[in-house]
Amino acid sequence: MTTVHHTDVEIAVRATEVASELIRSAYLAPVTRYAKEGDDFATQTDLAAERAILGVLAEARPGDRFLGEESGFTGAAGADRTWLIDPLCGTRNFAVGTPSVAVNVALRTGSAVTAAAVGAPFADEVLWTDGEGAFARRDGVDQRLRPEADNRLVDVDLDGPFPWSTPARLLDAPAFAEAFHPRVLSTSLALVWVAAGRRAAYVTGGDVSDSVHFAAGIAVCRAAGCVVTGLAGQPLDTAPHGLIAAADAETHARLLAAIAALR
């Protein structure tokens, strides 16, 4: 018998593909909501997609640890390798029949993300990195991701807590409004669009370090050559936290200036 050794990134891509197929099959079907903290909730599709991802990962890497948005930590306690799983990013969108969602799978080895994949179920593509480059896979063909800022489109995820009075203040800031065309999507799918040249930048608040929602997208953006920092240009794991992912240094500098004027 021949043993096939799949790489970590191939496993991550496969896990997102399995979950994406499940999400597509459940789209526009009746939704059951399971209450979480505050007014947050999961659907039966979030839970099923996470089980499907965990099935792929646990079979391929039984000695690893897993952190799922819905199920928490499972697997080998104390393992140096932890898979970070967000099975359906954009649950609110999905629940009302809006197909702006993503599937996020990242492998953290020690303190670094060494493989990551972001599935776009309704575009039938996966954006991935093995740490050496960033690619989009469509119909089994991989194309290198190339950030592009000329479109001037900036997605602002208003769900995260920003270090100023209201998140929407950024949209009215003259330095922002004069330079960019804002979009509000509220899913990490828009984060990897920066790596793919479909957005000039992505901005959100809150602590995104080591997050199941953002780890995969941040890894893809960094591997594609995007500028990725916190809201003050600082490392992501330090105050004031937040996230700016920009296609180039000029776009990043303009966003930093616009944000600095709000604080």
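Lys-36 counts as partly exposed, at 29% relative accessibility. In this predicted model, Lys-36 forms a salt bridge with Glu-70, and the closest N and O atoms are 3.2 Å apart. Lys-36 lies in the loop between β1 (33-35) and β2 (41-43), while Glu-70 lies in the loop between β3 (65-68) and β4 (72-75), so the pair ties together parts that are 34 residues apart in sequence. Glu-70 is partly exposed too, with a relative accessible area of 23%.

## Salt bridges

The structure holds 15 salt bridges. One of them joins Arg-24 to Asp-124, with the closest N and O atoms 3.8 Å apart. Arg-24 sits in helix α1 (residues 8-26) and Asp-124 in the loop between β7 and β8, so this pair ties together parts that are 100 residues apart in sequence. Arg-24 is partly exposed at 32% relative accessibility. Asp-124 is partly exposed at 48%.

Arg-81 forms a salt bridge with Asp-64, the closest N and O atoms being 3.0 Å apart. Arg-81 is in strand β5, and Asp-64 is in the loop between α2 and β3, so parts 17 residues apart in sequence are tied together. Asp-64 counts as buried, at 7% relative accessibility. Asp-64 and Arg-81 also belong to a network of salt bridges that includes Asp-8 and Arg-61.

| Pair | Closest N and O atoms |
|---|---|
| Lys-36 and Glu-70 | 3.2 Å |
| Arg-24 and Asp-124 | 3.8 Å |
| Arg-81 and Asp-64 | 3.0 Å |
| Arg-198 and Glu-125 | 2.7 Å |

The domain assignment gives domain 1 (8-144) and domain 2 (153-261). Their C-alpha centres lie 21 Å apart. Where they meet, 27 residues of domain 1 are in contact with 19 residues of domain 2. The area buried between the two domains is about 1700 Å², and carbon and sulfur atoms give 66% of that area.

Polar links cross the interface as well. The rule finds 7 residue pairs in polar contact across the interface of domain 1 and domain 2. It also finds 2 salt bridges there. On the domain 1 side, the elements that give two or more residues are β5 (81-89), β6 (102-109), β7 (112-120), β8 (125-129) and β9 (134-138). By class, this side of domain 1 has 16 nonpolar, 6 polar and 5 charged residues.

Thr-129 is found in strand β8. Thr-129 is buried, with a relative accessible area of 3%. A polar atom of the Thr-129 side chain lies 2.7 Å from the backbone oxygen of Gly-133. Leaving aside neighbours within four places in sequence, Thr-129 is in contact with Val-9, Ala-115, Ala-116, Ala-134, Ala-219, Val-220 and Ala-223.

Helix α7 spans residues 215-224 and is mostly covered, with 8 of its 10 residues buried. Among the buried residues of α7 are Ala-219 and Val-220. Others include Ala-215, Ile-218 and Cys-221. Gly-225 follows α7, and its phi is positive, near 100°.

## Thr-45 in helix α2

Which helix holds Thr-45? Thr-45 is in helix α2 (residues 44-60). Thr-45 counts as buried, at 3% relative accessibility. Beyond its neighbours within four places in sequence, Thr-45 is in contact with Leu-22, Ile-23, Ala-26, Leu-88 and Phe-94.

Most residues other than glycine have a negative phi, and most peptide bonds are trans. Some places in this model depart from that pattern.

Asp-210 has a phi near 60°, a positive value in a residue other than glycine. Asp-210 sits in the loop between β13 (201-204) and α7. At 47% relative accessibility, Asp-210 counts as partly exposed.

The loop between β14 (227-229) and β15 (243-246) holds Pro-240. A cis peptide bond joins Ala-239 and Pro-240, with omega about 5°. His-241 is in the loop between β14 and β15 as well. Phi of His-241 is positive, near 60°. His-241 counts as partly exposed, at 22% relative accessibility.

Terms used:
Residues are numbered from 1 along each chain as its sequence is written. This is a predicted model: local features need pLDDT of at least 70, side-chain atom pairs count only at pLDDT 80 or more; totals for chains, interfaces and linings use all residues. Side-chain values use heavy atoms; hydrogens and water are left out. Buried means under 20% relative accessible area, exposed over 50%, partly exposed in between (1.4 Å probe, protein chains only). Helices (H or I, at least four residues) and strands (E, at least two) are DSSP runs, numbered from the N terminus. Domain bounds come from an automatic or database domain assignment. Contact means heavy atoms within 4.5 Å. Buried area is the accessible area (1.4 Å probe) that two parts lose on being put together, summed over both. A salt bridge is a side-chain nitrogen of Lys or Arg within 4 Å of a carboxyl oxygen of Asp or Glu. A polar contact is a pair of N or O atoms within 3.5 Å; within protein, one must be able to donate a hydrogen and the other to accept it, and residues adjacent in sequence count only if both atoms are side-chain atoms. Ala, Val, Leu, Ile, Met, Phe, Trp, Tyr, Cys and Pro count as nonpolar, Asp, Glu, Lys and Arg as charged, and the others, Gly among them, as polar.
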